[in-house]
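This briefing goes through one protein chain, topic by topic. Keep the sequence and the 3D view open while reading.

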Amino acid sequence: MPRGGASFRGRMGASAVSPINLVRVLNIPAKNDPSTKISLYLTDCETDVTAYNEEGATQVYTGVALSYDEADSSTQNEVGQCRVRIDNLDSRFTALAKTAALNGVEVHVLTGFRDTVSSPDGCSVKFQGHVENCLISEHSVEAVCHTDFSLKTRIPRRLYWVVDFPHLPSSKDPRQPAVM
């Protein structure tokens, strides 16, 4: 089952495309007042773009110098991660970023095309996770995001114990098949 909608898949097959990336940073609490939350909608397009937000309503995505690394994934039970960078920022924006609690904030990275983001199925989700840590310098903000599923938090951290499985019959030899 493809992740993109019908208009996204139709446009993806065209000979000339103009892809854009969209980033949603949702429910950022302020450090001094955690009940106050804001969300950022950003794009790497040179102009502002109107697209749909996570609730299905239209939202203006602000054009910034945005880049991200592809989400790392492997077959080694490791948690996938993605780095999102915003460069060439004014020092007022980075000062504002220092007043917000960015750790644990939900992040969505989407990709679409300029002429399809105006429809609800015009984007495809590339990454969805939470901010693990954030590096704020004078002119840039870089966030390291991890996916939500982690084997370390979902699986208990102890080995197999025989007392946990008392109903295993010890009188039968597992090397001999049962004949019926």
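The points below go from the whole chain to its sheet, its cores, its cysteines and a few single residues.

The model is predicted. The chain holds three helices and nine strands, and 30% of its 180 residues count as buried. From the N terminus on, the elements follow the order α-β-β-β-β-β-β-α-β-β-β-α. Among contacts between residues at least 6 apart in sequence, 53% join residues at least 24 apart.

**The sheet**

- Nine strands form an open sheet with mixed pairing, in the order S3-S4-S2-S1-S7-S8-S9-S6-S5.
- Strand S3 (49–52) and strand S5 (65–68) are the edge strands; each has a single partner strand, so one side of each has no neighbour in the sheet.
- From one strand to the next, the twist averages 35°.
- Helix H2 (residues 91–98) packs on this sheet, where it touches strand S2 (37–43), S8 and strand S9 (141–147). The direction of H2 makes about 80° with that of S8.

**Pairs of strands**

- Strand S7 (residues 106–113) and strand S8 (residues 123–136) run antiparallel and are joined by seven bridges. In this pair, Gly 112 stands opposite Cys 123 of S8.
- S5 and S6 also pair in the antiparallel sense, over four bridges. Ser 67 is found opposite Arg 85 in S6.
- S6 is joined to S9 by six bridges, and these two strands run antiparallel. Gln 81 has His 146 in S9 as its bridge partner.

**The two faces of strand S6**

- In a regular strand the side chains alternate between the two faces of the sheet.
- Strand S6 (residues 81–87) has Cys 82, Val 84 and Ile 86 on a covered face. Its uncovered face carries Gln 81, Arg 83, Arg 85 and Asp 87.
- Gln 81 and Cys 145 are 64 residues apart in sequence, but their C-alpha atoms are 5.4 Å apart in space.

**Nonpolar cores**

- In soluble globular proteins, nonpolar side chains tend to be buried together.
- The largest nonpolar core here has 21 residues. The members that touch the most other members are Val 23, Ile 28, Val 84, Val 107, Val 109, Val 131 and Cys 145.
- Strand S1 (19–29), S5, S6, S7, S8 and S9 each give two or more residues to this core.
- Another core, of eleven residues, lies apart from it; among its members are Cys 45, Leu 110, Val 117 and Cys 123.

**Cysteines**

- A disulfide is a covalent bond between the sulfur atoms of two cysteines.
- How many disulfides does a search of the whole structure find? The search finds zero.
- Cys 145 is buried, at 0% relative accessibility. Leaving aside neighbours within four places in sequence, Cys 145 is in contact with residues including Gly 80, Gln 81, Cys 82, Val 84, Val 107 and Val 131.
- Cys 45 is buried as well, with a relative accessible area of 4%.

**His 108**

- His 108 sits in strand S7 and has a relative accessible area of 8%, so this residue is buried.
- Its side chain makes a polar contact with the side chain of Glu 106, at 2.8 Å. The side chain of His 108 makes another polar contact, at 3.3 Å, with that of Gln 128.
- Beyond its neighbours within four places in sequence, His 108 is in contact with Leu 22, Val 23, Arg 24, Leu 26, Glu 54, Phe 127 and Gln 128.

**Ser 118**

- Where does Ser 118 lie? Ser 118 is in the loop between S7 and S8.
- Setting aside neighbours within four places in sequence, Ser 118 is in contact with Thr 50 and Tyr 52.
- Tyr 52 is 66 residues from Ser 118 in sequence, and 7.1 Å separate the two in space, C-alpha to C-alpha.

Terms used:
Residues are numbered from 1 along each chain as its sequence is written. This is a predicted model: local features need pLDDT of at least 70, side-chain atom pairs count only at pLDDT 80 or more; totals for chains, interfaces and linings use all residues. Side-chain values use heavy atoms; hydrogens and water are left out. Two strands pair if DSSP finds at least two bridges between them. Axes are lines fitted to C-alpha atoms, for helices over the stretch in contact, and angles run from 0 to 180 degrees between N-to-C directions. Contact means heavy atoms within 4.5 Å. Buried means under 20% relative accessible area, exposed over 50%, partly exposed in between (1.4 Å probe, protein chains only). A disulfide is a pair of cysteine sulfur atoms within 2.5 Å. A polar contact is a pair of N or O atoms within 3.5 Å; within protein, one must be able to donate a hydrogen and the other to accept it, and residues adjacent in sequence count only if both atoms are side-chain atoms. A nonpolar core is a set of buried Ala, Val, Leu, Ile, Met, Phe, Trp, Tyr and Cys residues joined through side-chain atoms within 4.5 Å.
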